[in-house]
Amino acid sequence: MNRLLIKNKRKMASLFNKFQKAVGVLAKSTTFAKNPRQLQFEADINKLFMYTSFNRLGREAVETDAEEIIEMAGKTSLSEQQKQVQENIHYQVGNFCSLMDGILSPDVTKNESGSQTATPPRRQSGLTFAVGGSNASPAADKPLVPETKPLKLSEVSQRLMDQLGYTLEIKPSVIPHKDAGQGCFIKGQADAGTVLAFYPGVIYSPAFYRYIPGYPKVDSQNAYLITRYDGTVINAQPWGLGGDSREVWTGSYTPAVKTDTKTTSENGSDRLWKALSKPLQGSGKAKEVLERRNPLAFGHLANHPAKETNPNVMICPYDFPLTEKDLRPYVPNVSFGDSGEVKMKRFGSFWFKTGGSNGLDAPVLKTLVLVATRALRDEELLLNYRLSNSKKRPDWYTPVNEEEDRRRWS
């Protein structure tokens, strides 16, 4: 049995090396001779296409399968690769949601006719309704929260580990830097191309940038912001460490505000920023029933690798179809403002909403997931932050690939 495991590990290592070499060759290909930002986007999609396609084949995949995927990656159009990546990711997300349903769905009992019925909820007293008990009838403007098993996040995480083969845990980072803080670790093992984590939180399209807390200096007190290539920003700060229940979640929170006691007056620039930051009216937030006990909703806690250490995960844009109602509670995100697509027009550095969706495409939630770039087992997740080189970077940040950073933010 040990010999078989060793053989499989060697096979996976060989196939992984093939993918890595193919990625390097394709990234330098004349096919990608476009503007730097587009080049990097296509190179990332190319990697994701190979990793997730091979992962979907399963552990029985052989070397010829890897070679075929590499060949396809060199011939398939960008749009087709994007579609395949979305399908591969959605396939994994669907499997995860099915397991979560099995873990959290209430026990069923058979009645005399032989049909299955859910265990009835505990009867409530009049006092419970009067003081607003947790199982009381929902308000008219709030969605109904279905009954689930009373398990804590830690219990759900362990059960997922038993069935999926891995889960995530938060503990002190092993990165040798005083600012490393907590890290996100995989507990168990997963192959390359596996969806390891969701990036949770509130989603802002460019039309709603002005609503991001702290705007326009949104990152001055918030390290949990991430941006997709299409300009969508996700703020994970409201999600925190999740919770121990399924609940109606809007992402509302009040960030701590640091004041500078040395400053006694405002200059013109500060007054201008305050005027521009004045909240707009009629924003609103979507109310969604989300499962806060999501053991994989910790992508925002993955650290940047230390010097001379390679990342082992990469971000992948995932457009979750909102038509998938059964899966919705397990996607830990809500959209700020309209949940549908909006048309935007740019004027200088500002974006304006100009219209709604044309109704031809199904509405999606523009999220991010973290995908393994190699086989992982009981180790910390390390994500290349690719911080912009146009701003001063933190002391702990060492570029993984300076050229990629420049292309990403060109």
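Where is Tyr-397 found? Select Tyr-397: this residue sits in the loop between β16 (376-380) and α8 (402-408). Helices (H or I, at least four residues) and strands (E, at least two) are DSSP runs, numbered from the N terminus.

The model is predicted, so local features need pLDDT of at least 70 and side-chain atom pairs count only at pLDDT 80 or more, while totals for chains, interfaces and linings use all residues. Residues are numbered from 1 along each chain as its sequence is written, and side-chain values use heavy atoms, with hydrogens and water left out.

Stay on Tyr-397 and show the surface. Tyr-397 counts as buried because its relative accessibility is 6%; buried means under 20% relative accessible area, exposed over 50%, partly exposed in between (1.4 Å probe, protein chains only).

Next, select the neighbours. Leaving aside residues up to four places away in sequence, Tyr-397 touches His-304, Asn-384, Tyr-385, Arg-386, Leu-387 and Asp-405, where contact means heavy atoms within 4.5 Å.

Now display the backbone of Arg-386 and Leu-387. A polar atom of the Tyr-397 side chain lies 3.4 Å from the backbone nitrogen of Arg-386. For the backbone nitrogen of Leu-387, the distance to a polar atom of that side chain is 3.0 Å.

Finally, zoom out. The protein has eight helices and 16 strands, and 39% of its 410 residues are buried. Of the contacts with a separation of 6 or more, 77% join residues 24 or more positions apart.

Note on methods
A polar contact is a pair of N or O atoms within 3.5 Å; within protein, one must be able to donate a hydrogen and the other to accept it, and residues adjacent in sequence count only if both atoms are side-chain atoms.
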